[in-house]
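Biologist: I have a new model open and would like to learn how to read it. Could you walk me through it?

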Amino acid sequence: MGPTLVHSLEGYGSWRQELAQRIETFRHWLRDHQLSNAQIDLRLTRIGERLSDDRLTVAFVAEFSRGKSELINAIFFADYGRRLLPTSAGRTTMCPSELKWDPDQPPTLQLLPIETRKGSSTVREYKRYPDEWLTFQLDVTSPDSMAQTLQRIRETKQVPIGEAHSLGLMTQFDAAANGDPRAVAAAPQPATVEIPRWRHALINFPHPLLAHGLVILDTPGLNAIGIEPELTLDLLPNAHAVLFLLALDTGVSQTDINVWRDFIFPNGGRDACRFAVLNKIDTLWDGLRTEEEIEAEVLQQVSYCASTLAIDPSSVFPVSAQRALLAKIRNDEPMLQRSRLPLLEQALTRHLIPRRQEIVRDNTQGELHELLAQTRALIEARLSGIETQRTELLSLRGKNLNVVAHMVGRVREEKAEFERSLQQFQAVRAVFSQHSNLVLWWLGTEALSRDAKQTLMDVQRSKFTPSVRSALNGYFERSRTRLERAAEKLQEVERMMQALYQRFDSEHQLKLGSVPTFSMVRYRKEFQRLEALYNRHFNTTFTMLTNEAMTLLYKFFDTIAQQVRRVFNYANRDAEQWLRAAIAPIEAQIHERQEHLRRRLGSIKRVHGAIDTLEDRVRELEDTAARLRKQIDDIERMSGDLDQALTPEKVETEVAVAAA
């Protein structure tokens, strides 16, 4: 997308890299000072992995003949002096395509045969098995060769209509009837229909933007989106930006409105980084209109599109992708500016990266602050223990052995009292384990998978729409109940742990602070989104009347069930991590208090045995206290360094400079 997005992506990559390095420094520092444990180390490792694996996905969505592939060529591939992605009149991109760069793999085009739709495996699952894909090498030194290889994406074939239906495809024949079963029944059925040869395409390509973590998702029109559940349920909703193409010469069709409302903005504005692109404004450049007339017509069309799609006009970008590509190839700056593509590129740059950075920062900041606070509390507990020992030993100066013996007895009593408190803690710990097991059972996927399989069997055996609806609604109801039961149990655990924290704080002066909170909101919302998709597309009498619709329903439900399982997997993993994080601070400080009491008793005993060791032991404690104070200073410094690394100012500045 020219230097603007390149520079901002470079800045974003540098920001993630610097943050990851400082987190790694913190992790090593914890190990070196015996302040780490398996739980803390695992959490920091996961944070680092999230930063290194982060990708930015930009999805392009349009009905055919809107100029989508031309826009991608203009934005990303103009430097090659020609079109790389296939584009021509009529239908071109017949299967979804992902463009990214993995330097560990050679430049290739991988194509997944359409026949894989007969099984229940998703594209995500097939990505783990390269031998299921047809692979073609890309000659990155020859744009012509690459363009020829990429033409394979648009390959189609003729198959019997029964074969198309068995693949769950909404054929052109069905589309012509707009999905109306009565129209389909009344129309003469052809012997064969044209279908895409490929289900999905992966293009591994060493483009500078892709090398910085950008992923381009090129999606077909409404029919292809509607028949590939993974697009509807996963790829499009999780794209960080979506560019929806309209064409000035065709206007906003009912199909366009359906795509926008059903697949891009299904909730009426889930994400601000969704743009409508009004392409082909060059059709107004007929030599008969003045520039003022052209501008007035463009503004009128932008206003109409915004009103029809129920979005702000600032989210509609009029462009000419074809003229922009030509201008970039010819280095024609006036034509490029007239194409208005730079305005779209700048908007994408301004919104995409700062927004993604904000999400990554927020997800990282809270967890890091929590770990820093726990570490500081542990160091302060150690320092408090050292100061207590030092005060006790200093009070023994000049005292006789009877006084020392009395103090030994007092520390023993304190140690015994703490051990009695530990018996109560162990009882609470047992209840905590029971609750934890229940949470993880409710969020487990084994029973969920069995339920999904049984539901699908019930649907396939059902001969009437009400039975089908009842089976599917029952699946969602049971799944929702599992989430709610887990959420209730987690709240109970949080209240129990907060009471335990407070008791040990008051009785034993452990600096535990507050229990970290855990919210199920994100998992509830994702589950609600999946259920809403099912209700929108299938929970009607109309959509369950035809065999073809039922075939599509099976595939959608199977994909929805896999997406629900992913939601539960994430919830289970995060809940387990939270449960460990909730119990870890008190366990660590209990262990620290036990060690502190043992050391206090040992110090006083040594003084009791040889009073001349008192001064040596005081000096040892003073040296230890000095080291602990330095560790607190180090924590403060690292906390500041991490906060500085987390700030978005660096990338925003680079974006502003690049856009100027």
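Predicted model: local features only at pLDDT ≥ 70, side-chain atom pairs only at ≥ 80, totals over all residues.

Biologist: Now the overall build. How many helices and strands are there?

Modeller: The protein chain has 23 helices and 11 strands. Of its 660 residues, 52% are buried. If you take contacts between residues at least 6 apart in sequence, 82% of them join residues at least 24 apart. The accessible surface is about 30,000 Å², and carbon and sulfur atoms account for 49% of that.

Biologist: Let us go inside. Which residues have the most contacts in the largest nonpolar core?

Modeller: That core has 87 residues, and Phe60, Leu71 and Leu214 have the most contacts inside it. Its largest share, 15 residues, comes from α16. Take Leu71 as a case to click on: beyond its neighbours within four places in sequence, Leu71 touches Phe60, Leu243, Leu245, Val277, Ala321, Leu341 and Leu344. There is also a second, separate core of 53 residues, including Leu233, Val439, Phe518 and Ala575.

Biologist: And the charged residues? How should I think about salt bridges?

Modeller: The general idea is that side chains of opposite charge can pair when their charged atoms come close. The cut-off applied here is a side-chain nitrogen of Lys or Arg within 4 Å of a carboxyl oxygen of Asp or Glu. By that rule the model has 38 salt bridges.

Biologist: Let me try one. Which residue forms a salt bridge with Arg50?

Modeller: Glu367 does, with the closest N and O atoms 3.3 Å apart. This pair links distant parts of the chain, for Arg50 sits in helix α2 (residues 38–53) and Glu367 in helix α16 (residues 341–395), 317 residues apart.

Biologist: Are those two partners buried or partly exposed?

Modeller: One of each. Glu367 has a relative accessibility of 11%, so Glu367 counts as buried. Arg50 comes to 41%, so Arg50 is partly exposed.

Biologist: What is the distance between the closest N and O atoms of Arg289 and Asp286?

Modeller: In that salt bridge they are 2.8 Å apart. Arg289 is partly exposed at 36% relative accessibility, and Asp286 is partly exposed at 38%.

Biologist: Where do Arg524 and Glu484 lie?

Modeller: First, these two form a salt bridge, with the closest N and O atoms 3.0 Å apart. Arg524 lies in helix α20 (residues 521–537) and Glu484 in helix α19 (residues 465–508), so the pair ties together parts 40 residues apart in sequence. Arg524 is partly exposed at 25% relative accessibility, and Glu484 is partly exposed at 29%.

Key: Residues numbered from 1 in each chain as written. Heavy atoms only, no water. Helix = DSSP H or I, 4+ residues; strand = E, 2+ residues; numbered from the N terminus. Buried < 20%, exposed > 50% of the residue type's maximum accessible area, 1.4 Å probe, protein only. Contact = heavy atoms within 4.5 Å. Areas by Shrake-Rupley, 256 points an atom, 1.4 Å probe, with all protein chains shown as cover. Core = buried A, V, L, I, M, F, W, Y, C linked by side-chain atoms within 4.5 Å.
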